[in-house]
Amino acid sequence: MKLLILLLIFVLSGMPSSLCAEEVIVDSLYWQNAEQKMEEEEYKDAARIYSEMIVLGDSLFRVYTGERVEDMRKDYTIDELELQNSAQQKRLLQLSFIIILSLAVFLLGGFFYLKKVGKRLLYSKNELQKAKSMAEESIRNKSLFLSNMSHEIKTPLNALAGFSEVLTTPGIDEATRVQCNDVIQLNSELLLKLINDVVDISCLDVANMKFSITTHEVVTLCRNVVKMLDNIKQTSADIRFETELTSLEIETDQGRLQQMLVNLLVNATKFTKEGSITLALRLDEQGFAEFSVTDTGCGIPLERQSTIFGRFEKLNEGVQGTGLGLSICKLIIKRLGGEIWVDSGYTAGARFVFIHPLKQEVVR
């Protein structure tokens, strides 16, 4: 009996104070009554009291365990909700990260796409601007061509028509006839040169045009060109050739090189009424053949030197010519692998310089 009572006390003492506080007084009363019955040797009543205490302990234990189970269920429910919330938050974070990453990739792709489109638009704009500039230049060249041709052709044709009519006039003397014949011949040559210049500028624009490249001795070529022009010159200026070389062989197109030299020398005679015109030849420091035509004429203004090789560019509109000679020279020497320029340091007139390689790297 005492063992059972001790077990009951242990169980009751293990209960939380919140559950047993109000029962302690009742238990102590039961206990005192049971002790009193034991002292009075009323064992039957004492046993009944102890039995009631056991029943009461069982009731309290059931209440306690029920409350503990309920508390555990609540704690589990709260923990489960927290876990669910945590899982949902984790899923939301993952979804947000994926959305942000996708948005960043989309924006980055859009940025590069727009940049690529912008480059294409800029390239198209530049190409359109180039095409527009070329069209405007073509229209300008066409207008200049028609203007120059109408003026340049009209002058020799008028001379040819006028002096041909004079030749048919009855009773003219022989001196007048010879003079008219010279004028007719001169203007015929001018008209022929005009046509040749137009043909040359159109042919040299063809990209696949082939030059006839062979080895030629250019010292003799220069002497012959100077001698020829000295016989037909229309100026009092002295035309001469200077070089320290006894001979020089280069790979070139002889006809085109001679055309360049003639163009430059004839151009010099137009602006040099007196003084001298000098064709010079030497080897420069880089091993190129350097040709130069120097005159003591009116010279070229510094601001015009950069544009003088353009088509239809004329230093003096009143001078006979098409404005194509220098542009033809530039096209020829470029095809032959050289360069041409105006010597801006020479101020006593004009000096044109061009270099020509001794050997052609590419057969043209």
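Start by selecting C222, which is buried (under 20% relative accessible area; over 50% is exposed and in between is partly exposed, with a 1.4 Å probe and protein chains only), at a relative accessible area of 0%. This is a predicted model, in which local features need pLDDT of at least 70 and side-chain atom pairs count only at pLDDT 80 or more, while totals for chains, interfaces and linings use all residues. Residues are numbered from 1 along each chain as its sequence is written, and side-chain values use heavy atoms, with hydrogens and water left out.

Next, select C329. This cysteine is also buried, at 0% relative accessible area. A disulfide is a covalent bond between the sulfur atoms of two cysteines. Taken as a pair of cysteine sulfur atoms within 2.5 Å, the disulfide count is zero.

Now show helix α6 (residues 218-232) together with helix α7 (residues 254-271). Helices here are DSSP runs of H or I with at least four residues, strands are runs of E with at least two, and both are numbered from the N terminus. The two axes come within 10 Å and cross at roughly 40 degrees. Each axis is a line fitted to C-alpha atoms, for helices over the stretch in contact, and angles run from 0 to 180 degrees between N-to-C directions. The pair α6 and α7 is therefore oblique, the class left after roughly parallel (under 35 degrees), roughly antiparallel (over 145) and roughly perpendicular (65 to 115).

Which residues make the contact? On α6, select V218, L221, C222, V225, V226, M228 and L229; on α7, select Q254, L257, Q258, L261, V262, L265 and V266. Contact means heavy atoms within 4.5 Å. The residues of this contact divide into 12 nonpolar, two polar and no charged.

Stay on α7 and centre on L265. L265 is buried, with a relative accessible area of 1%. Leaving aside neighbours within four places in sequence, L265 is in contact with V225, V226, L229, I277, L279 and V293. A C-alpha distance to draw from L265 is the one to D295, 30 residues apart along the chain, at 9.0 Å.

Move to strand β5 (residues 289-295) and pick S292. Is S292 buried or exposed? S292 is buried, at 10% relative accessible area. Not counting residues up to four places away in sequence, S292 touches T278, L279, A280, F352 and V353.

Finish at E35 in helix α3 (residues 24-39). E35 counts as partly exposed, at 31% relative accessibility. The C-alpha atoms of E35 and I49 are 14 residues apart along the chain and separated by 9.5 Å.

Terms used: Nonpolar A, V, L, I, M, F, W, Y, C, P; charged D, E, K, R; others polar.
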